[in-house]
Amino acid sequence: MFKKILIANRGEIALRVMRACRDIGIHTVAVHSTADADSMHVRLADESVCIGGPLSKDSYLNIPAIITAATVTNSDAIHPGVGFLSENAEFAEIVRDHNLVFIGPSPQHITDMGDKVKAKKIAAKLGIPIVPGSDGGVSSLPEAQSIARNIGYPILIKATSGGGGRGMKIVRSESELAEAIQMAKSEAEASFGNSEVYIEKYLPHPKHIEIQVIADNFGNVIHLGERDCSLQRRHQKVFEESPSPVITPEQRAELGKLVANSIKQLGYRGVGTIEFLYASGHFYFIEMNTRLQVEHPITEQITGIDIAQEQIKIAADDKLSFSQQDVKLSGHAIECRINAEDPDTFAPSPGLVSSYHSPGGPGVRIDSHLYSGYKIPSYYDSLAAKLIVYEVNRKRCLARLKRALSEYVISGVKTLIPLHLRIIDNPEVISGRYDITTLERMMAALQ
């Protein structure tokens, strides 16, 4: 097992990884920007190294500075956390070249799954159902017109290197196609440095369902059931629950088995998540994330498995200590992302946290780096806390969530707590029949 791990991230995810390390006796090194000198992940780490200025490119994306910090602290491995360099194949390769262990999959798997078109082709080859569309990047308008006529409008134009909704356009008729492609290409080039786009059939009211997998170096692959991440705004997840209120045990077993077998064929190792759209009883592959997911705690709550810890053990070449038959899904869990944002406009709200009181009691978990007197910087992601609640069934879980949200006090900045209180009173959410358009329709109705 590793003696010391450098955590190349910040905020709540750095703390989450740090806690997983501590529980198995591993020392930790925090890296931080000058803007994060007072952050909780720096305060709680065994060692810390300042790696640059406040801009991400000068610190959390500064590969030479991170590698140097790992070397001078005699770290054995680097955990990339979520975001920043967590799905950067070049970084994983450089870590390996410096005789350090990258806690994640192989650079080749990161590369393959980071290319949305290639990932779709791999999924199809493995027998995973995909959304009808182009076989790869679309090179001309006549080609796009031909594909769109074949699969029928509406269609979705997506960036090959995309994510988070950037470079994505819905096209409802051929008259909109040329302009939409041009806009998507420009946005993709600006966001990802790659203007290539592809086409998929647009599914108007699907759910977003994802399957968590864990694979070791010895061919053992298990799945941990699904998460329902359909409540999104601008394609960013806000509220997640597990299990999904609309997936049957038979569907769960069938899809989980298909995904686990596919991951085994792929020779993948580490943790990963296969994301699907679910509509009219059918699942369609969207993408695979080759890292720990922000929403992993709800799966931990219903399985009792520490996913972050398993990820570290696998990187240290340990075998999975449990089989698929040992995985028992029990109860219901919900996660709310408490972003430092205006709950009506989603405008970022950095600044001083003048007072802080987190909820507690049975079945309540808070993953956060906030404390009273902490100043939320304006340079990074607005995620300030994750509130995770657990109960024996969904109805009681929603009631517990309402209680926990009402106890949560974060003063001095705006947060999404008021939005979450509205979400859990929404009839579609209460019924479980919500989809990826529900939150945006809900927000539009409030205007």
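Is Cys 336 buried or exposed? Cys 336 is buried, with a relative accessible area of 0%. The close-up views below come from a predicted model.

**View 1. Cysteines without disulfides.** A search of the whole structure finds zero disulfides. Cys 336 takes part in none. From Cys 336, the nearest cysteine sulfur belongs to Cys 397 and lies 9.3 Å away. A disulfide here is a pair of cysteine sulfur atoms within 2.5 Å. Cys 50 is partly exposed, at 42% relative accessible area.

**View 2. An open sheet of eight strands.** The strand order is β13-β12-β9-β10-β11-β14-β19-β17, with antiparallel pairing. β13 and β17 (364-368) are the edge strands. Each has a single partner strand, so one side of each has no neighbour in the sheet. From one strand to the next, the twist averages 25 degrees.

**View 3. Helix α11 on the sheet.** Helix α11 covers residues 307-315 and packs on the sheet. The helix touches β9 (207-215), β10 (221-233) and β12 (270-279). The direction of α11 makes about 40 degrees with that of β9.

**View 4. The pairing of β14 and β19.** Strand β14 spans residues 332-339, and strand β19 spans residues 383-391. Eight bridges join them in the antiparallel sense. Ile 338 stands opposite Ala 385 in β19.

**View 5. Helix α5 and its cover.** Helix α5 runs through residues 107-114. Its buried residues are Pro 107, His 109, Ile 110, Asp 112 and Met 113. Helices α4 (89-97), α6 (116-125) and α9 (249-266) are among the elements that cover them. Strands β5 (101-102) and β13 (282-289) are also included in that cover.

Note on methods. Residues are numbered from 1 along each chain as its sequence is written. This is a predicted model: local features need pLDDT of at least 70, side-chain atom pairs count only at pLDDT 80 or more; totals for chains, interfaces and linings use all residues. Side-chain values use heavy atoms; hydrogens and water are left out. Buried means under 20% relative accessible area, exposed over 50%, partly exposed in between (1.4 Å probe, protein chains only). Helices (H or I, at least four residues) and strands (E, at least two) are DSSP runs, numbered from the N terminus. Contact means heavy atoms within 4.5 Å. Two strands pair if DSSP finds at least two bridges between them. Axes are lines fitted to C-alpha atoms, for helices over the stretch in contact, and angles run from 0 to 180 degrees between N-to-C directions.
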